[in-house]
Amino acid sequence: MSTPNLYKPYIMRVDKITEEAPDVRTFRLVFTNEEEGKNFEFKAGQFGEYSIFGEGECTFCIASSPTRKGYIECTYRKAGRVTSALARLEEGDLMGFRGPYGNTFPIDEWKGKNLLFIAGGIALPPMRCVIWNALDLREYFKDVTIVYGARTVDDLVYKHELEEWGKRPDVKLVTTVDPGGETPDWKGEIGFVPTVLDKMAPRSENTIAIVCGPPIMIKFTFPVLDKYGFTPENIYTTLENRMKCGIGKCGRCNVGKYFVCKDGPVFTFTQLKELPPEY
Amino acid sequence: MSFRNLMDFMGIDTRRVYFSWVSAAEGAKWAEVVNNVNKEIQKLGPYEAYQKLAWAGVE
Amino acid sequence: MEALQKKAQELLTTCRANVVIGYGQGSDDKPRAIFVTDPAGADKLIFNDTCKQNLGVYLMKAEVKKLGKMGIFATKPVMRTVVLLASENQLTDIDVTVIGVNEDGSLVDFENLQALENHVKTITFEPDPADKAKIEAIEKMTVEERWAYWQDQLSKCFKCYACRSACPMCYCSRCTVECNQPQWIPVPSHHLGNFEWHMMRAMHLVGRCIECGECGRACPLDLPVHLLTQKMAADARKDFGWQAGMSLKLENPLSSFKPDDKESFIK
Amino acid sequence: MTIERKKIKKESLGQWFEKMTAAGNRIMAPKRNKKQVCFETVTSPAEVAFDYVQTTVSAKRAVFPPVEEMLAYKFADKETKLEEKEIKPQPTVVFGIRPCDADAFVTLYEVFSRDYKDDLFLNRWEQTTFIGISCIQADSACFCTSTGGNPGNTKGSDVLLTPLKNGDFLVEVVTEKGKKIVTAAENLFSSADSDIDKESLLAKLPNKFEGKDMKAKINAQFDNEALWSRQSMRCIGCGACAYVCPTCQCFGIEDERFGSKGKRIRCWDSCCFGLFTLHTSGHNPRHTQWQRWRQRLMHKFSYEPDNLGVPGCVGCGRCSRACPTDMNILEHMLEIAEEKA
């Protein structure tokens with residue numbers, strides 16, 4: 001699973017760049033070494049360390065689905081030193097990637113259940129991976145509902161995929177923007193994700209909920225799910241902490257005795273409640 | 001002034017450091033300063049002591 | 001000692017301070033900083049000639065400020081620290097009450113910072129003779145010897161930043177070495193990284209260092225890093241006639257300029 | 001492997017050093033430097049200090065250096081080439097570590113070899129042999145007997161010397177590596193007479209708290225903000241305690257570029273620094289000093305014992321001796337031990 005020198009990244013070529021939102025881009029990366037590309041495997045929810053030599057490394061989840069072979073995708077926002085260096089890359093440039101790290105969404109256990117995806121802002125990428133994974137195995141799941149919100153219409157990422165999901169008969173898509181973030185021709189909901197979710201009154205029996213978003217959104221989404229009978233072990237989320245090594249050595253990303261990089265990033269709400277407020 | 005004193009105190013060869021006050025209008029002086037510094041530094045040769053520092057101490 | 005404890009109780013009961021910062025008994029007869037918030041705890045306060053740590057560093061610590069108005073027992077270096085911090089708009093009369101402590105333990109109750117400044121102006125400060133001699137010894141060396149001396153000393157540094165954390169004047173929330181766009185000072189503690197770090201630290205203390213020597217005492221490896229900042233303080237006196245921590249007005253050499261400043265080195 | 005007991009004369013140490021150096025070993029040993037004793041590369045026992053309680057800085061840099069190259073690469077316009085460099089660390093003998101340091105090296109080994117094998121560390125580890133010297137004196141900062149160790153503990157040492165009254169050393173050969181380095185200089189060692197009572201030679205250090213139940217006690221105090229704030233009010237948030245500590249292994253990864261060449265470097269880091277856990281968004285899960293001080297003690301007395309089954313603190317006392325503001329880990333652990341739940 002990992003290269004001989006643990007910290008030696010694969011060399012990747014930037015195959016395609018998609019502008020998602022102001023300062024937010026998606027990279028499609030292919031392995032420059034076919035051999036490595038062929039036997040590279042990962043599961044939904046895992047992440048990697050993307051590196052620009054001379055600048056540093058940064059941590060994002062793998063946003064493409066494990067069912068799509070030959071490439072991996074990541075979505076990032078230009079904020080720090082390395083992401084600014086990423087923002088200067090063009091198609092065809094080289095960069096580094098090491099991974100996959102962390103645990104995964106237990107998709108096999110969800111077979112035969114309804115799936116309710118709830119995402120906010122830039123947190124759609126870790127969800128997109130597991131959404132496409134589920135949609136590529138669509139026949140295993142009952143109905144699939146996606147609730148996605150962002151501050152303004154511009155901030156919505158994966159706009160073309162949202163349309164694609166919207167058109168699919170077997171997917172119920174609800175997109176929303178924060179009050180005041182809508183544009184005149186905006187047809188979706190207006191309101192924060194937790195309020196829109198409350199209005200939808202989601203049914204909880206035989207349903208798995210997956211929640212990803214800023215801490216404030218998670219804090220207000222959980223009571224809504226609780227109100228409609230969702231039990232904590234059926235609610236999954238991913239945590240994010242400052243990371244450097246990604247493999248449980250550098251002692252930085254711990255929440256209590258767990259390392260977000262090795263024992264996470266995917267946690268159930270039951271686990272989340274035991275964790276001290278250190279994330 | 002303080003920076004020059006500090007560099008000197010810490011052992012940097014301040015013959016290799018020049019301070020000059022050149023306004024945007026003084027093109028000639030600027031050329032003269034640059035050529036002069038260039039000539040002086042060529043005479044002093046490469047600054048080995050400082051170049052040896054690059055990654056010294058990395059195991 | 002009793003005068004100290006009674007004064008602390010008085011400050012707390014008359015709400016001239018919500019927390020009093022002073023020295024208390026540490027491990028193996030070492031003193032340590034203590035924070036008295038309740039008058040009953042004032043009996044833990046001590047003062048003797050081993051109490052050297054510059055307590056001014058706690059006036060800039062968020063967790064201490066959160067406790068409310070700070071009272072502090074100030075030896076001479078701490079007095080100059082408070083004046084310097086006040087001149088940089090970090091402390092006002094609302095934040096701090098200063099009680100001067102002379103070598104013999106007698107107290108001077110300063111009604112406000114202006115009273116403190118007037119008192120500080122009456123004292124003539126002499127740099128520590130031992131450090132002064134060391135600085136002169138280094139100055140007499142040739143450039144190559146000085147380079148070898150500082151390389152030998154600073155190559156041992158492992159950048160624990162105790163010198164920075166112990167200094168009351170190093171209160172930046174994000175130090176230059178922690179800004180990485182661009183990364184001016186290398187983060188790793190290799191020879192170049194240490195050299196540039198200590199040069200940058202000394203540079204940011206020109207005309208601000210009050211020569212308390214705490215950075216040298218705080219260094220776990222006993223590296224003479226205080227000589228760098230004390231040399232800069234001596235130069236500030238020689239070149240600009242400036243002594244840090246003596247005036248409430250912000251006039252230190254790198255933050256102001258006077259028409260008659262020397263420019264001999266600019267050609 | 002059963003521990004073999006031998007004896008060596010003080011005068012023969014010189015020859016042993018020569019044999020080890022001849023075998024290509026770098027020898028790191030404690031050397032007096034003004035008021036402090038620090039680990040440095042030595043060639044003869046004459047340079048080695050024997051009469052001291054503990055060195056200022058631990059010897060962990062032998063296997064976990066403060067600045068270590070992870071990758072090197074060259075820039076050529078668009079193409080960046082990773083240099084294929086075989087990491088070949090020099091064989092090293094760390095002479096003169098205390099039993100608590102040897103215990104700490106086992107903790108370091110567990111961290112870097114559990115699940116993912118960190119071969120930057122393991123390559124150095126295989127090339128390193130630890131020769132410990134038992135403690136015949138201790139000071140108020142020592143508390144190894146409270147963390148599962150003792151002044152004559154052989155755990156972690158390949159060879160453990162115990163100073164005898166006449167200046168010679170009782171030699172206990174503990175591991176295969178120890179056997180190798182002793183048999184390489186077989187003639188210098190004689191068999192130990194059976195009447196040597198090692199216990200009587202060691203420092204007396206009563207244990208100050210029960211290490212075993214510290215985990216439960218400290219977990220119970222997790223939410224006791226008053227306790228942590230009281231303890232850490234005078235802490236100024238530097239890295240001195242972490243960098244002198246034999247078990248602290250937190251690190252950061254930095255990239256550096258000089259012209260067309262660049263390196264990715266691993267460097268020491270500390271959880272007590274304010275920006276250690278800062279997110280790019282500005283959120284910082286541990287933004288106050290008491291949370292960071294709690295993390296330091298929780299990691300050593302709860303998380304590491306829980307996750308790896310090894311002590312996170314070996315009671316060497318270096319952090320208390322090195323702290324500029326007299327933070328005393330033993331005193332704070334005693335306070336936690338007595339705090340009512």
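From its N terminus on, chain B runs α-α-α. The model is a predicted one. In total, chain B has three helices and zero strands.

The radius of gyration of chain B is 15 Å, whereas a compact globule of 59 residues would have one near 10 Å. Taken along the principal axes, the box filled by the C-alpha atoms of chain B is roughly 50 × 25 × 20 Å. Of the 59 residues in chain B, 15% count as buried.

B:Ala49 lies in helix α3 of chain B, which spans residues 48–51. Because 15 other C-beta atoms lie within 10 Å, B:Ala49 is partly exposed; a residue needs 20 or more to be buried, and 12 or fewer to be exposed. B:Ala49 and B:Gly11 are separated by 38 residues in sequence, and their C-alpha atoms are 10 Å apart in space.

In chain D, helix α7 (residues 225–232) packs with α9(D), the axes being 8 Å apart and the angle about 95°. This makes α7(D) roughly perpendicular to α9(D), since angles of 65 to 115 degrees fall in that class. On the side of α7(D), the residues that meet α9(D) are D:Glu225, D:Trp228, D:Ser229, D:Gln231 and D:Ser232. Their counterparts in α9(D) are D:Gln289, D:Trp290, D:Trp293 and D:Arg294. By class, this helix contact has three nonpolar, four polar and two charged residues.

Chain D also takes part in contacts with other chains. The contact between chain D and chain C takes 34 residues from chain D and 28 residues from chain C. On the chain D side, the elements that give two or more residues are α8 (240–244), β11 (251–258), β12 (261–268), α9 (289–308) and α10 (318–322).

The contact between chain B and chain D takes five residues from chain B and seven residues from chain D. The table gives the make-up by class for one side of each chain contact.

| Side | Nonpolar | Polar | Charged |
|---|---|---|---|
| Chain B, touching chain D | three nonpolar residues | one polar residue | one charged residue |
| Chain D, touching chain C | 15 nonpolar residues | 12 polar residues | seven charged residues |

Key. Residues numbered from 1 in each chain as written. Chains lettered and ligands numbered in written order. Predicted model: local features only at pLDDT ≥ 70, side-chain atom pairs only at ≥ 80, totals over all residues. Helix = DSSP H or I, 4+ residues; strand = E, 2+ residues; numbered from the N terminus. Rg over C-alpha atoms; globule rule 2.2 N^0.38 Å. Contact = placed C-beta atoms within 7 Å. Nonpolar A, V, L, I, M, F, W, Y, C, P; charged D, E, K, R; others polar. Axes fitted to C-alpha atoms, helices over the stretch in contact; angles between N-to-C directions. Parallel < 35°, antiparallel > 145°, perpendicular 65-115°, else oblique.
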